[in-house]
Amino acid sequence: MTTKRTIARVGCIAVLVLAMNASADIGPSFRLETCAWQATDIVVATQADGADGNLTVLETWTGKLAKGETIHVIDLPIAPIPVSTLFGEKPSPERSVTGKKIVLFLQPATIKEADAPTTRPAGKVFEGTDRHNGAMVSAVWIEENQAYAYQQLINPGPTTLQPLGGELDLVKETFAILATKDELRRIETIELPLDRVRLLAPITSGPYWRAREEAFAALGRCGPAALPLLRVILRDERLNQSDVIRALAAAAGPDAAKEFTGMLQDELAYWKSVGPSLKSGWWNADPAYKRSALQTHSNRLQASLCVLATIPDHPARDVVIQVRELWSSLPQLNDKSSVNQVIKACDEALKTAK
C-alpha cells in the first residue's frame with residue numbers, strides 16, 4: 001500500500017485540482033497503471049546525446065527486446081529536460097534529467113507512409129502506449145534513484161516534468177501490475193467456470209481498475225456459474241455498477257431479460273421510496289454516503305435500461321413505463337444538474353419491448 005501511495009502522490013494532487021476545474025481542458029499526464037497494462041514492451045534504456053529518439057536497451061521488464069539492442073521511440077523528448085517545481089511553476093535550469101536511464105512503456109509503432117521519416121531510424125520502431133500523447137507521457141526518467149514523469153498538476157495549466165517518487169517504488173508497482181495482468185491471463189485458461197469464478201472474485205475488488213474491468217468481463221464469459229457472485233457484488237456500492245451489470249448480462253445469456261426485468265422492478269421500488277423526498281441537486285447531495293447510494297442506484301437503473309434496450313422482445317414494458325412516469329412526474333428526479341439520462345434510456349428500452 002505504501003508503494004502505491006508513493007507512486008500515486010503526484011497523480012492524486014492532479015486529480016484533485018482537475019476536479020475543481022472540470023470545465024478546463026485536461027492535459028496529458030503519465031499514468032502508471034494505464035501505461036503498464038497496455039505496453040507490449042517495458043524496458044529501461046539510455047538515450048545518447050542528441051540521439052533524436054534512438055536508445056539502447058539496458059534491461060527488459062516485459063517483452064522480447066534484448067539488452068544492448070537499439071530501438072527508436074517516436075516523439076520521445078530529447079534530454080536534458082528541465083524539471084519543474086511543484087504545481088507546474090517555471091522549470092529550474094539547475095535541475096534536469098539526462099536521459100541516461102529511462103523506463104519506457106512501449107508498443108510497436110504504426111507509421112503511415114505519409115508520416116514515415118525520411119531517414120530510416122536505427123533498430124525497431126516503437127511509440128508510447130498513450131494513444132493521444134505518445135512517448136512523452138509513456139516514459140519515466142530516472143536520476144539518482146528518483147523518478148520523474150510528465151504531469152499536469154494544475155488545470156488549466158501546462159504538462160511539465162515532475163518528481164514522481166522513488167525508483168524502487170516505480171519498479172515494485174510496475175511488476176505488481178504486470179503480475180496481476182499475468183494472473184488474469186492464467187485464470188482465463190482454466191477450463192471449469194466455477195474455478196475461474198473463484199479466482200476472479202478477489203480481483204474484482206483489487207487495487208487496479210484495468211484488472212477489475214477485465215475481471216468482470218471474464219466473469220461474464222463464465223456464464224451461469226458467475227451469477228450468484230455477480231448478484232452479491234451488484235449490492236456493493238463501492239464498485240462500478242456498469243462493469244457489474246455488463247458482466248451480469250453476459251453471464252445470464254438467454255435469461256438476461258428476466259434477470260434485468262427483476263432488477264428494474266427493485267430499482268423502481270427504491271426510487272418510489274426516496275424520490276419524493278429528494279431535493280433538486282440530489283446528485284451532489286451531502287453527506288457523502290447518501291450521495292454514493294443515490295448515484296449507485298441511478299447508475300444501476302440506467303445500466304439496466306441500457307441492457308434491456310439490446311434485448312429484442314423483452315418483457316419489461318410495464319415496469320419501464322412506470323419508471324418513465326415516475327421520472328416525468330418528479331422534477332427533482334429529472335434533475336438537469338445530474339448526469340441523468342433515465343427518460344432517454346426508458347425510451348430506448350421501450351423500442352425493444354414486447
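This text is a guided tour of the predicted model, from the whole chain to single residues.

**Before selecting anything**

Residues are numbered from 1 along each chain as its sequence is written, and side-chain values use heavy atoms, with hydrogens and water left out. Because the model is predicted, local features need a pLDDT of at least 70 and side-chain atom pairs count only at pLDDT 80 or more, while totals for chains, interfaces and linings use all residues.

**The whole chain**

Begin by colouring the protein by pLDDT, the predictor's confidence in each residue, from 0 to 100. The average is 85, and 83% of the residues score at least 70. Next select residues 8-24, where the pLDDT is below 50; beyond near neighbours in sequence, this stretch has 21 contacts in the model. A contact means heavy atoms within 4.5 Å. Where pLDDT is low, the predicted coordinates should not be read in detail.

In cartoon view, the protein shows eleven helices and ten strands. These are DSSP runs numbered from the N terminus: helices are H or I with at least four residues, and strands are E with at least two. Of the 354 residues, 48% are buried. Buried means under 20% relative accessible area, exposed means over 50%, and partly exposed lies in between (1.4 Å probe, protein chains only). Among contacts with a separation of 6 or more, 63% are between residues 24 or more positions apart.

**Helix α5**

Select residues 209-220, which form helix α5. Its twelve residues reach 17 Å from first C-alpha to last, close to the 16 Å expected at 1.5 Å a residue; the expected span is 1.5 Å times one less than the number of residues. Which residues of α5 are buried? They are R210, A211, A215, F216, A218, L219 and G220. These buried residues pack against α2 (32-38), α3, α4 (193-200), α6 (227-233) and α7 (241-252).

**Aromatic pairs**

Now display the rings of Phe, Tyr and Trp (for Trp, the six-membered ring), which pair if their centres lie within 6.5 Å; planes under 30 degrees apart count as stacked, over 60 as edge-to-face and the rest as tilted. The count comes to six aromatic pairs. In one of them, the rings of W61 and F175 have centres 5.3 Å apart and planes at 50 degrees, so the pair is tilted. This pair links distant parts of the chain, with W61 in strand β2 (residues 54-62) and F175 in helix α3 (residues 167-188), 114 residues apart. W61 is buried at 11% relative accessible area, whereas F175 is partly exposed at 37%.

Move to W271 and W327, whose ring centres are 5.1 Å apart with planes at 70 degrees, so this pair is edge-to-face. W271 lies in helix α8 (residues 256-274) and W327 in helix α10 (residues 317-329), 56 residues apart. W271 is buried at 0% relative accessibility, and W327 is buried at 1%.

**Cysteines**

How many disulfides are there? The count is zero, a disulfide being a pair of cysteine sulfur atoms within 2.5 Å. Select C346 and C306: the sulfur of C346 has its closest cysteine sulfur in C306, 9.9 Å away, which is too far for a bond. C346 is buried at 0% relative accessibility, and C35 is buried at 3%.

Select Q107 in strand β6 (residues 102-108). Its side chain reaches the backbone oxygen of G128 at 3.4 Å. Leaving aside neighbours within four places in sequence, Q107 is in contact with Q38, T40, F126, E127, G128 and T129.

Continue to T159 in strand β10 (residues 159-166). The side chain of T159 reaches the backbone oxygen of P28 at 2.8 Å. Not counting residues up to four places away in sequence, T159 touches G27, P28, M136, Y150, Q151 and Q152.

**Backbone details in two loops**

Most residues other than glycine have a negative phi, and most peptide bonds are trans. Centre the view on the loop between β3 (70-73) and β4 (81-83), where P80 lies. A cis peptide bond joins A79 and P80, with omega about 0 degrees. D75 is also in the loop between β3 and β4. Phi of D75 is near 65 degrees, a positive value, and D75 is exposed at 66% relative accessibility.

Finish at E144, in the loop between β8 (139-143) and β9 (146-152). E144 has a positive phi of about 50 degrees although it is not a glycine. With a relative accessible area of 79%, E144 is exposed.

Methods. Polar contact = N/O pair within 3.5 Å; in protein donor to acceptor, adjacent residues only side chain to side chain.
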